[in-house]
Amino acid sequence: MGENPAKSHYAQLNQGEENEMEIFGYKTQGCRKALCIAGYILSCGALLLLFYWKPEWDVWANCVPCSLEEADTMLLRTTDEFHIYSRKKVKWISVSGIIKSRTDYPGIAEEDSIFSKALMKPSLQVKSIQVQKIHYVWNIYAKEFQKVGALEDHHTCSAIHTKFGSGLTRIEQSLRRMICGPNTIDVPVIPIWKLLIKEVLNPFYVFQLFSVCLWFAEDYVEYATAIIIMSLLSISLTVYDLRQQSVKLQRLVESHNNIMVTVCRNKEGFQELESHHLVPGDTMVFKEGKTLLPCDAILISGQCIVNESMLTGESIPVTKTQLPQADNLKPWKMHCAEDYKKHVLFCGTEVIQTKGDDRGVVKAVVLQTGFNTAKGDLVRSILYPKPMNFKLYRDALRFLMCLIAFATIGMIYTVCVFALSREEAGEVVKKALDVITIAVPPALPAALTTGIIYTQRRLKKKGIFCISPQRINMCGQLNLICFDKTGTLTEDGLDLWGLLPSEGNCFQDIHRFPVDRTLPWGPLLRAMVVCHSLIVLEGKIQGDPLDVKMFEATNWVIDDSSGHQTEGQRSAHATVVRPGPKASSASVEGIIILHQFPFSSALQRMSVITQDIGGEKQVSTKGAPEMIAMLCRAETVPSNFESKLLFYTAQGFRVIGLACKPLQSGKQSTDLTREEVESDLTFLGLLIMENRLKRETKHVLEELSAAHIRSVMVTGDNIQTAVTVAKNAGMISATSRVILVEANKTLGSSPASLTWKPLEENKTKDHGNLDSESQTERRIRLAVESDQYHFAMSGKTYQIVAQHFSHLLPKLLLNATVFARMSPGQKSKLVEEFQKLDYFVGMCGDGANDCGALKVAHAGISLSEQEASVASPFTSRTPSIACVPELIREGRAALVTSFCMFKYMALYSTIQYLGVLLLYWQLNSFGNYQFLFQDPAITTVIGMTMSFTEAYPKLVPYRPPSQLISPPLLLSVVLNIFFSLGMQIFGFLMVQKQPWYSKTDIHSACLSVNRHSENSSSVSTLGLHGMRNGDATGVDNGYKSYENTTVWLLSTTNCLIVALVFSKGRPFRQPIYTNYVFILVLVGQLSVCLFLMFADIDDLYTKMDLVCTPTTWRISMVMMLAVTLAVSFLVEEAIIENRALWLLVKKTFQYHSKSHYKRLQRVLEQDSAWPPLNETFFSDSVAVSVEKDMGGHSNPTFDSNEDVL
């Protein structure tokens, strides 16, 4: 049954967001519910269990579709490819206890908020649902569910100041608290009994329970008991692990769930209350000293310095400024554009210093509470992780379905055999059901995760922590890694290299650092002294490393101890900078920093308004040189600005532009807008900083390149600097050429344009020795023809290409290596675009601006241990990209281990299944201890130790296969099944042709063996009735026969053969002999098998249901096993693992990868006009053909086996 969405019955929740869902309305029907209850009772709870696994079936059975307005039950479905359903009951919140009379709510009714729109009158009730910890209420007027727990986005800057500046009334606060719920990120530690029940109700363990009940019914008591013990051990370990995660997560959030805060209550003044009472719209008042923030809030007066390291990963104090009182109709976020975060204090961060306004007050309006906050969102991403669609797990389920089909054939065979022999119906049913438990290995899901668990432990020892173990296998498929630059490829800190002053639109002589003489006092030094966001904390200057280096070079000091009377304001914590003992003589006693416009990655600059002590006010600005030059008066910018900038950035230097202007008196600094301040500036010069590569960077990138894993740089830095770092790091080889892709957006009637031009670096200061344009183009064309070219583009170009040239974006991404000036949002989108091309994408960053990209990548690797990286699947303890190849190595080993385990488990169950079916032909089966020896003693121990093999230290230039349903793997399984079947049938038939064989006398082969006369009686029938009534004196229980002994010994030893053959070593894992535990286990088990084959100990044989056979037959069995081992090993090595052979097969049958990027590469190879050089395309005229069927995310069966050159 599916959904047929009628308009009133269906809606979308969180449209356009990451957690977008479809919501359907249903109403519970009494007669349907009664029928379902009857079904629960009659099915002994089986129907209830089915509904627990399938909540949509529960809703469809109990309810009827209706409009969302009338619904009492909601069915939710995710809009991703998984379509996961969940069921939610509607709750009614009554607020009549708060609003006693009509006179209490005129103010609420007039307020244009969701709270008034959701309030039903006269019942004073609110319809609500809670989905993934977020509360939604029914908007009566819009007829839709809307999120509560956050201040509405439609408020303007002035509205926030006027409506919420003086706080909410007590009734408003109580109403909001009742509807929004408490302001807590409540992650309770889940009780053990709940975890236990949830784990036990897993389909895998339910199947185990069914199997155990069946085995007890068949008197396999010892075997069933062993499986119960193993299952309980497995459940206990899982529950313990889940409990530890729950405790860890609770500790992460408990620190700020209950803090005392001061709020401003309308008409009642200030009030102290616990933070869990806060609601959106409350006005908090900050006192001096450190404060942990219990919610997200907008700063409306004063200034705060905040430590956001737990969210951003950067242990750099961030300055937050008050929301401007802009009197326009734009919503506050739109007015502030991408800069709005500079006014927002985030939950979980710490206010380390406050600076009051002219009244000495620091106030903030609560923006979001509970799980709506930035920290709440982080916690929710851990509680409700996005499922990963990896083919291995889908294929495993498909293969299980095949095994079930296989088992069904066996069931039919069993029923026919036993029914024709006129066995009791109960025995026939039990034997038929037993076939399922044999053919479908219950331990298969556990076996697939064993390798991942061991890999996780190995990674932990190497300082790499993983919160999403299922992604480890995906690491084995990574073929593209995006790297952040600063702090990831290069050192985190910058060294001051030089200062290039500008006077009268001409650059002056460069000042090199370190300098023997101090810098002379002037406008440039003045800008360096004040244009930063540094603070003094516990006697130490703290802030951005770039700012610290720049300020320390001036030899000035920060005096943060005294207040200063300026502009008629009393600023208790005004930052004052003064000349230090080693500073050059200055004409000022000190400078007061009045106001800051903090650095914005969107604007690529920061500015400060300062005032000399007893002097004039001035603006100082620093930022990206291109941006600063645009803000300066043209006559102050040197004519050779671009060539100078190119000269230094081409050498890999980080270049900062500086500018200033005097400020007219008469206007308060806080009243000036950023646009007014940052205009008509005077260009002062360039600050040149050196950002050195980390020692391991070049080696790691070379290793990835040798393994045919593509590296891409995604940075917020200048494009020339990024290209130079990419060349120095080895991302771009010396023989390759860089093509700069530049786009200009639509202006008026002119369309968006896209230009390709060669990016030539300056090798010397003298430009006279550069090649002529024709020589340059010829060299570029040669590089292009040999496929040695790389695209470089800025974030602005990427955005325009995505909007206006989307058909060209896949082509550009195929060879794009450098993405500069990229915002955090653009980084995330870029990773998603690479994924659309069927790349398996890894993202490695320091956690600062990479959180989004780290989350969306197949494998996000954070080099920061801050809370920001909690959402990242992998975190490295050491901030080095050496963890990337390490993770890929371990991922490949884990993936190969998963395949080995899968093949082994499939073969082991098939071998046992074939042996049992053979014996069923004679109405016989394996005995209790025979099953016990094969399953726990052989298979479980092998399953636990096979995964100990470690990763191979060298990354080879191809990946392991990503699919179980691939010809090599399927051929391997099928051939080994035939080998096993052939050997067992051969042994089964040959033993019957031996001269000593007797169907009735099981001791006929060894008459010379001394045995009790009472045990030599004939077996009149081998029917199953009465088989298990044997006593402890060794009386035959009906299992003993020559066929049983032969088939069991052959099948048991065959399990060891396939374990050895399937244990892959090179090229993805260490040779099998390095796994000493596994080798010892195999040798030990083989010794026991041979001992059982040759021992002929009467008591032991009686217990194991074996019979004595002549030595010649035992030697014959050993020879059969030896031949099977030799053939199996030869086939595996010469055919299955023969990469050259499979490449030849692919070439012969003209197989081509179906990956989007591979198909696109083949198209571009035939396109002589690509890439266009020194050409410009326009958005309304260009039409480059790209195959229409290139969409989708499928990865080919043989993708990893491609001959990539």
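Which helix lies across β12, β14 and β19? The legends below start there, and the model shown is predicted.

View 1. Helix α6 spans residues 157-164. It lies across β12, β14 (296-301) and β19. Relative to β14, helix α6 runs at about 90°.

**View 2. An open sheet has 6 strands.** The strand order is β11-β10-β12-β19-β14-β17. Pairing is antiparallel. At the edges sit β11 (269-274) and β17 (344-345), each pairing on one side only.

**View 3. Strands β12 and β19 pair within this sheet.** Residues 283-286 form β12, and residues 362-368 form β19. The two strands run antiparallel and are joined by 4 bridges. Valine 285 stands opposite lysine 363 of β19. Strands of a sheet pair through backbone hydrogen bonds.

**View 4. Strand β34 is flanked by pairings with β33 and β35.** Strand β34 covers residues 653-662; 8 of its 10 residues are buried, so the strand is largely enclosed by the rest of the structure. Buried here means under 20% relative accessible area. Strand β33 (residues 617-623) joins β34 through 6 bridges, antiparallel. Glutamine 618 has proline 662 in β34 as its bridge partner. Strand β35 (residues 682-690) joins β34 through 8 bridges, also antiparallel. Here arginine 654 has methionine 689 in β35 as its bridge partner.

**View 5. Asparagine 1138 caps helix α37.** The cap is at the N-terminal end of the helix, which spans residues 1139-1148. A side-chain oxygen of asparagine 1138 lies 3.3 Å from the backbone nitrogen of alanine 1140. Glutamine 1150 follows α37, and its phi is positive, near 50°.

Notes
Residues numbered from 1 in each chain as written. Predicted model: local features only at pLDDT ≥ 70, side-chain atom pairs only at ≥ 80, totals over all residues. Heavy atoms only, no water. Pairing = 2+ DSSP bridges. Contact = heavy atoms within 4.5 Å. Axes fitted to C-alpha atoms, helices over the stretch in contact; angles between N-to-C directions. Polar contact = N/O pair within 3.5 Å; in protein donor to acceptor, adjacent residues only side chain to side chain. Buried < 20%, exposed > 50% of the residue type's maximum accessible area, 1.4 Å probe, protein only.
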